[in-house]
Amino acid sequence: ALSRIERGVVVEPEPVLIRHVVEAAAERHRARYPGATVIVRGRADVPPVLGVEPYLDQVVQNLLTNAVKYDRSGAPVEIEIATNGGMVEVSVLDRGPGIPPERAAAVFEPFVRLDATAATNEGVGLGLPVCRRLLQAQGGDISVRAREGGGSRFTFSLPGIPDDAAELLAQQSALVSE
């Protein structure tokens, strides 16, 4: 997906029900990691976002995988879906070692891994930079901050589609597909 973005291949965003993407990713995660607990919280009436569903799925999967990889406590991974102004925010919360505030921006740079976790976990440090590029290509972004009580809160945001615009887009796509 990232190579397509870098080559300038434009993938048309469309209305995506982010809660469905999150729920499906959480279900696959539970199947892949038996015993893992993923709790999804948030209002059911969150507006759709304008995005590319496979990209959003990849971002959620990456954040869930990281939460399991870096948090050996077995604590539940929590996902919160909320609105903030015209943006829809999805937060993945873990109880891992956390990320020092001064290193928070660096984790989104390619090949950067925190010293404390680099020795014990596989990977080359491309997951979070790919997430950021995928989100930015859809008009969104991602950030991380320390979670009260330990761990991290990764939050990505995308523009929500107002109700009237969502109806208009649905009508247009119905006309195109007829």
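1. Glu80 and Arg41 form a salt bridge, with their closest N and O atoms 3.0 Å apart; a salt bridge here is a side-chain nitrogen of Lys or Arg within 4 Å of a carboxyl oxygen of Asp or Glu. The pair links distant parts of the chain, since Glu80 lies in strand 4 (residues 77-84) and Arg41 in strand 2 (residues 38-42), 39 residues apart. Helices (H or I, at least four residues) and strands (E, at least two) are DSSP runs, numbered from the N terminus.

2. This is a predicted model, in which local features need pLDDT of at least 70 and side-chain atom pairs count only at pLDDT 80 or more, whereas totals for chains, interfaces and linings use all residues. Residues are numbered from 1 along each chain as its sequence is written, and side-chain values use heavy atoms, with hydrogens and water left out.

3. Buried means under 20% relative accessible area, exposed means over 50%, and partly exposed is in between (1.4 Å probe, protein chains only). Glu80 and Arg41 also belong to a network of salt bridges that links them with Glu78, Arg147 and Arg153, and the structure holds nine salt bridges.

4. Arg28 and Asp57 meet through their side chains in another salt bridge, at 2.4 Å from N to O. Arg28 lies in helix 2 and Asp57 in helix 3 (residues 53-70), so this pair ties together parts that are 29 residues apart in sequence. Arg28 counts as partly exposed at 40% relative accessibility, and Asp57 does so at 21%.

5. Because they are three residues apart in helix 2, Arg30 and Glu27 are separated by about one helical turn. Arg30 is partly exposed, with a relative accessible area of 26%, and Glu27 is partly exposed as well, with 49%.

6. The 15 residues of helix 2 (residues 18-32) should span 21 Å, and the end C-alpha atoms are 21 Å apart, which agrees; the expected span is 1.5 Å times one less than the number of residues. Ile18, Val21, Val22, Ala25, Ala26 and His29 are buried in this helix. Seen down the axis, these buried residues fall within an arc of 130°, so they line one face of helix 2, the arc being that of the directions from the helix axis to the C-beta atoms. On the other side of the helix, His20 and Ala31 are exposed.
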